[in-house]
2 protein chains.
Amino acid sequence: MEGSYCIGIDIGGTYIKMGLFDAEGGRHAFRRAPSNAAGPPEALLEALVRACRDLMETARLREGRVVAVGLGVAGKLDTAAGRVVFSPNLPNMAGFALAPRLHEALKMPVFMENDANVFGLGEAWVGQGRNIPNWIGVTLGTGVGGCLIADGALWLGDRLGFSGEIGHMIVDPHGPPCACGQTGCLEAHASGSALIRGMREALSAGEALPERITDALRTGSLTPEDVYGAADSGDPHARRLFQRMGWALGLALGNLFTFLGIESAIIGGGVSQAWDQFHPAMMETLRTVPKMLDPDGIRILRSGLGPLAPLYGAARLAWAGLDRF
Amino acid sequence: MEGSYCIGIDIGGTYIKMGLFDAEGGRHAFRRAPSNAAGPPEALLEALVRACRDLMETARLREGRVVAVGLGVAGKLDTAAGRVVFSPNLPNMAGFALAPRLHEALKMPVFMENDANVFGLGEAWVGQGRNIPNWIGVTLGTGVGGCLIADGALWLGDRLGFSGEIGHMIVDPHGPPCACGQTGCLEAHASGSALIRGMREALSAGEALPERITDALRTGSLTPEDVYGAADSGDPHARRLFQRMGWALGLALGNLFTFLGIESAIIGGGVSQAWDQFHPAMMETLRTVPKMLDPDGIRILRSGLGPLAPLYGAARLAWAGLDRF
């Protein structure tokens, strides 16, 4: 569609990112605004509508028009109804029918998927997954998300409202508890939360930790970046946590590669910036543990689009949705 | 194709089963012969050619003709080359280019897949999977095989020479060793071999076992059926082994359901006859462990075609292969 654009929207806990995209993945405008997580959903909707109208005006100035909107939202979604079931980043959005409301205001198709799935769509479109038909996406953040790209398309399974939930695969039934209620999930080993909990447990156990970590734990302000800093400075506890992260990622990916008969994955999300700390243990596990796999065939890539992957994917979701419309 | 038939061949360690099938899955003839596992591959080939010619004659008597052959073989295969890489049941077949040799003799297309994959094709065609688009197949035998049916078709992944290898997913990294060299595979918990090894370990540990079991262990003749018999008679060691089998199956399926966003599986293979012994623990695990799944949506079915599932699947492989020819 000549002169046509889609709007991609990535709704995170801190920022909303928005962009105007052509059908080939070219980005023609970019906006970022605070998401005001504590505010009412109506206020967020209003801000989105305003920003979309602004991008529609940008499209008009280029003698084009916006034909659809794609939304990426963290959390459990009812994608068929376009409703947020529960979003850890935006607790006030629970139950809000975001997509239909936006559709009503803008009079154009609006599509919605969870953040890990739009990460996959973005990387498959113009990122590292461009030329790989089958791969597993992993997003490392506060939690661990994932997706499966199968034959070049986002796999949605039986459309149960979730798919690609690698973070809640159990890698070790004797492992640490997970926020989801299970024991030994990948997320309990390989998330930002797992890093923080690991340091808290080391403190409780009376281990000697760097002063900066101890202080941050006492004020409840410890971040995954702090744990990375400690590992980078040689703290053995922090290093062990990243090794455990790498081991668990290697085990989960090795299991899925063995079952799916594939050998590629792309890892993104904020905590993937700690790549040098967890990558060696992950590759060591992947090369030595799964016996069916050819160690030389395994291909684990870092996200090519970085923090913008979900934004690109949200736009791709809109374009792909239109094709089926 | 009116009057057209495909031949399905299931090559097991004890028997070769063969059948003449129409395109709708109707079976019009059936042959069974000893596979003579110790014999040379040329002798097996000769027997197959003779039996195929006999089935071709049967087709002619019905005023039809055989248009393709499908082969199901246990083991690691190079399906593109039609070559057996390694077959635990038929060690002499290692390296033998079975499919091209059969093609040469019969002058018609010959397709080959491993036994767990043809199990899936058979159940998807005329068995329990007929109306289920996405499901996991599990074959419980000496080892544990598996397959994935995705959007109604056999998933082959990156065509690495294996797919659906659920038996070599690690369910417990602290679990028992597996013949493959890994630790804690599903196969090390849920196969016929795991049952026998578990009883042997109980004997070594000085546990009191039923006399029949002890005798069979001493002569090396213990079978999974014997372990089932012991569990059925109330032996606590045998019962624990089946509970462990069920737990491990529940964990592996729960992990895959969580990642794939699906909720159906079909279980076959000889050891699945012990259903009443492992099914309760499997369902208990599936209903209580995976938090993303709706316990009421989970559907675990027993093979509808029983020991003939791979035979039907081999014929389906031939029909599907012709479509792509």
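# Two chains, two domains, one axis

Chain A is divided into domain 1 (4–122 + 307–324) and domain 2 (134–303), with bounds that come from an automatic or database domain assignment. This is a predicted model, in which local features need pLDDT of at least 70 and side-chain atom pairs count only at pLDDT 80 or more, while totals for chains, interfaces and linings use all residues. Residues are numbered from 1 along each chain as its sequence is written, and chains are lettered from A and ligands numbered from 1 in the order in which they are written.

**Inside chain A: how the domains meet**

- The centres of domain 1 and domain 2 of chain A, taken over C-alpha atoms, are 27 Å apart.
- Eleven residues of domain 1 of chain A are in contact with twelve residues of domain 2 of chain A (contact means that C-beta atoms, placed from the backbone, lie within 7 Å).
- On the domain 1 side, helix 3 of chain A gives the largest share, six residues; helices (H or I, at least four residues) and strands (E, at least two) are DSSP runs, numbered from the N terminus.
- That side of domain 1 of chain A has five nonpolar, three polar and three charged residues. Here Ala, Val, Leu, Ile, Met, Phe, Trp, Tyr, Cys and Pro count as nonpolar, Asp, Glu, Lys and Arg as charged, and the others, Gly among them, as polar.

**Inside chain B: two crossing helices**

- The axes of helix 3 (residues 115–126) and helix 10 (residues 309–323) of chain B come within 6 Å and cross at roughly 85°. Axes are lines fitted to C-alpha atoms, for helices over the stretch in contact, and angles run from 0 to 180 degrees between N-to-C directions.

**Between the chains**

- The contact takes 32 residues from chain B and 32 residues from chain A.
- On the chain B side, helix 8 (residues 236–260) supplies the largest share, six residues.
- Chain B superposes on chain A by a rotation of 180° with 0.0 Å of shift along its axis (RMSD 0.0 Å), fitted by least squares on the C-alpha atoms of residues with pLDDT of at least 70 in both.
- That is the relation of a two-fold axis.
- In chain B, B:Asp172 has the C-alpha nearest the axis, 2.8 Å from it.
- The copies meet through the same surface, because 100% of the interface residues of chain B are also interface residues in chain A.

Key. Two residues are in contact if their C-beta atoms, placed from the backbone, lie within 7 Å.
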